Amino acid sequence: MKTTEIVIFTILFLAVSGLGFVAARWRRPDDLASLNEWGLGGRSFGSWITWFLIGGDLYTAYTFVAVPALIFGAGAMGFYAVPYTVVVYPMVMLVLVRLWSVSHVHNLVTPADFVRVRFGSPTLALLVAITGIVATMPYIALQLVGIEAVLKTMGLTGDLPLIIAFAILAAYTYQSGLRAPALIAFVKDSLIYVVILVAIIYIPAKLGGMGSVFDAAKAKFDAAGSGGITLNANNQLQYVTLAFGSALALFLYPHSVTGILASRNRNVIKRNMSALPAYSLLLGLIALLGYMAIAAGITPIGKDNNTIVPRLFDAMFPDWFAGVAFAAVGIGALVPAAIMSIAAANLFSRNIYKEYVNRNATPAQEATVSKVASLVVKVGAVLCILLIDPQFSIDLQLIGGVIILQTLPSVGLGLYTRWFHRGGLIAGWAAGMAAGMLLLYNIANPATNHAHFGGSAFPLSQLGFDTKITVYAGFLALIVNLVVAVLGTVVARALKSADGPDGTRPGDYFADQGDPRVHELETTAPAS
Amino acid sequence: MTTPRDDRGRSPDYSPLNWLLLLPIVIPLLPPLFNAVEPRLFGIPLFYWLQLAFIILGVTTTTLVYRATRRNR
């Protein structure tokens with residue numbers, strides 16, 4: 001047991017949780033009983049709050065723990081997280097403002113809402129909603145893996161601390177909705193920035209400079225005969241397709257959409273797309289902690305490489321600062337977990353409950369259903385960690401990334417074109433899902449003793465090519481999806497199959513705050 | 001008085017500067033540019049410092065496009 005660390009961790013953790021409860025009164029909503037208020041913070045967030053919110057949302061505790069762990073184990077391959085977060089912002093800058101506009105005109109809350117109005121197909125919307133929920137659940141569970149790694153390092157074993165942490169999170173998310181993670185994100189990021197800046201200056205200085213850190217890493221990989229501090233001829237395509245595919249997937253996740261829709265206007269989003277890469281710099285520096293751990297001779301607890309960063313902090317920092325660092329990771333898990341559970345809950349209340357259970361649900365009923373669903377989602381995530389092997393959640397997260405990518409044609413391309421037929425999109429989704437599962441099933445990983453679902457790098461040799469090159473499975477599945485969607489659309493049109501009505505007009509995609517088409521959001525009016 | 005923008009014709013979001021956004025999308029996805037150890041910078045291999053430098057390329061381009069296409073009210 002490490003008393004000083006535990007005391008500092010607990011104090012910071014509780015202080016931040018207090019903030020979460022106070023957040024219900026922040027920016028004084030008249031009434032939290034609607035999804036616009038509870039689930040989107042009143043759609044009123046300016047540049048700063050949006051920056052912290054989206055940043056806190058995308059750069060999660062798991063990122064801070066898993067990316068260095070990947071670098072520690074595999075080397076250069078793990079650095080894909082940096083190009084991934086560099087290419088994503090220019091890629092979605094123009095796309096997301098369109099989503100913001102159309103969502104404001106039509107009062108949409110989730111990506112499935114958009115698909116519903118764009119393609120007039122409840123079935124396609126349901127598929128998108130279910131994909132979103134299934135992809136988000138293991139992501140929430142992974143945040144717990146982040147907290148668990150810290151607790152383990154402090155000597156706190158057993159499930160109780162983890163359950164307490166998540167119960168607190170569930171309570172204030174229930175009460176304050178999206179305002180809670182938005183407010184906490186300030187504290188979380190300030191702590192993380194301080195810890196990382198100190199780490200990146202202090203630790204290499206103790207280890208004899210960055211040069212010797214890399215030399216130590218190179219020596220380790222050379223001796224092991226696998227990995228390396230640069231890419232080899234066989235994993236470059238994997239590196240590029242993984243970075244690109246992950247970037248495409250990032251803003252299809254329902255929780256990223258939640259962050260975007262909560263912002264006040266189009267300028268806020270565009271400005272954020274140019275300011276968010278500040279986090280990528282942070283991420284790049286955090287990734288290098290993996291090499292510092294090698295140079296410092298850190299070993300993981302058991303076989304759990306996720307404990308590498310906490311162990312490094314524990315070994316290098318004085319106890320009190322290690323406590324601060326652990327709190328940063330712990331609190332870092334709360335923000336994304338809260339936003340993700342809100343996003344998944346909104347999908348349930350909007351696209352399942354309202355569509356299939358109670359068509360005449362009032363905004364207040366929608367908000368209540370979302371609140372309860374957010375609790376259910378979090379209980380599910382805790383059960384995932386307690387009942388099954390955490391490694392399994394990591395596998396599920398990997399699958400999550402592949403499946404969320406299959407909503408790209410309907411959500412992402414749908415923002416630009418109404419060319420696709422709803423039948424084609426459904427066929428494409430099904431084909432992409434099947435292909436993704438099949439590819440992942442056939443990826444083995446001898447290092448973790450997995451015959452199936454051993455990673456995301458699919459060897460092209462399995463398709464009959466005479467090569468050792470690997471490629472990101474999600475990327476291949478997306479290609480299958482797109483081809484089938486195009487063919488399906490052509491066939492459906494040839495058969496004159498009925499298509500759903502498009503509820504949007506071209507101008508809806510450019511509307512901005514103050515535009516006559518953006519109606520004032522009424523929190524109590526019955527939904528039409 | 002605001003007049004709704006015309007729904008037909010060229011998109012109001014169009015700007016030739018938008019094409020600049022291709023640079024920070026394509027360049028970081030070309031491994032031959034950065035997949036090497038030398039030259040090092042402060043002991044950090046090219047692979048790492050150049051990819052971190054691409055962040056600056058991304059920020060510069062997106063900022064430029066944001067400023068050029070910002071809507072003033």
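This is a predicted model, in which local features need pLDDT of at least 70 and side-chain atom pairs count only at pLDDT 80 or more, while totals for chains, interfaces and linings use all residues. Residues are numbered from 1 along each chain as its sequence is written, chains are lettered from A and ligands numbered from 1 in the order in which they are written, and side-chain values use heavy atoms, with hydrogens and water left out.

**The interface**

Between them, chain A and chain B bury about 3,700 Å², of which 65% is on carbon and sulfur atoms. Buried area here is the accessible area (1.4 Å probe) that two parts lose on being put together, summed over both. On chain A, 48 residues are in contact with 38 residues of chain B, where contact means heavy atoms within 4.5 Å.

The rule finds one salt bridge across this interface. A salt bridge is a side-chain nitrogen of Lys or Arg within 4 Å of a carboxyl oxygen of Asp or Glu. The side chains of A:Asp215 and B:Arg40 form a salt bridge with an N to O distance of 3.2 Å. Seven residue pairs, both at pLDDT 80 or more, are in polar contact between chain A and chain B. A polar contact is a pair of N or O atoms within 3.5 Å; within protein, one must be able to donate a hydrogen and the other to accept it, and residues adjacent in sequence count only if both atoms are side-chain atoms.

On the side of chain A that touches chain B, the elements that give two or more residues are α5 (81-106), α10 (209-224), α11 (236-250), α13 (266-275) and α14 (277-295). With 11 residues, α5(A) gives the most to that side. Helices (H or I, at least four residues) and strands (E, at least two) are DSSP runs, numbered from the N terminus.

Side chains of opposite charge can pair when their charged atoms come close. Over all chains, the count comes to 14 salt bridges.

| Residue pair | N to O distance |
|---|---|
| A:Arg116 and A:Glu355 | 2.7 Å |
| A:Asp502 and A:Arg118 | 2.8 Å |
| A:Lys188 and A:Asp189 | 3.5 Å |

The salt bridge of A:Arg116 and A:Glu355 has its closest N and O atoms 2.7 Å apart. This pair links distant parts of the chain, A:Arg116 being in helix α6 (residues 111-119) and A:Glu355 in helix α16 (residues 319-357), 239 residues apart. A:Arg116 is partly exposed because its relative accessibility is 25%, whereas A:Glu355 is buried at 12%. Buried means under 20% relative accessible area, exposed over 50%, and partly exposed in between (1.4 Å probe, protein chains only).

A:Asp502 and A:Arg118 form a salt bridge at 2.8 Å. They are 384 residues apart, with A:Asp502 in the segment after α21 (473-494) of chain A and A:Arg118 in helix α6. A:Asp502 is partly exposed, with a relative accessible area of 30%, and A:Arg118 is buried, with 6%.

A network of salt bridges links A:Asp113, A:Arg350, A:Lys354 and A:Glu366.

**Buried parts of chain A**

A:Lys188 is in helix α9 (residues 179-207) and is buried, with a relative accessible area of 1%. Leaving out residues up to four places away in sequence, A:Lys188 touches several residues, including A:Gly55, A:Tyr59, A:Phe64 and A:Ile331.

Helix α13(A) has eight of its 10 residues buried, so it is largely enclosed by the rest of the structure. What covers these buried residues includes α3 (47-58), α5, α12 (254-261) and α14 of chain A together with α3 (46-69) of chain B. At the start of α13(A), a side-chain oxygen of A:Asn265 comes to within 3.2 Å of the backbone nitrogen of A:Asn267.

In helix α14 of chain A lies A:Leu282, which counts as buried at 5% relative accessibility. A:Leu282 touches A:Ile192, A:Tyr193 and A:Ile196, not counting residues up to four places away in sequence.

**A surface patch on chain B**

B:Tyr14, B:Trp19, B:Leu22, B:Val26, B:Leu30 and B:Leu33 make a nonpolar surface patch of about 590 Å². Patches are made of residues with over 30% relative accessible area and no salt bridge: like charges are joined within 9 Å, nonpolar side chains (Val, Leu, Ile, Met, Phe, Trp, Tyr) within 5 Å. B:Tyr14 lies in the segment before α1 (22-26) of chain B and counts as partly exposed at 39% relative accessibility.

Methods. Areas by Shrake-Rupley, 256 points an atom, 1.4 Å probe, with all protein chains shown as cover.
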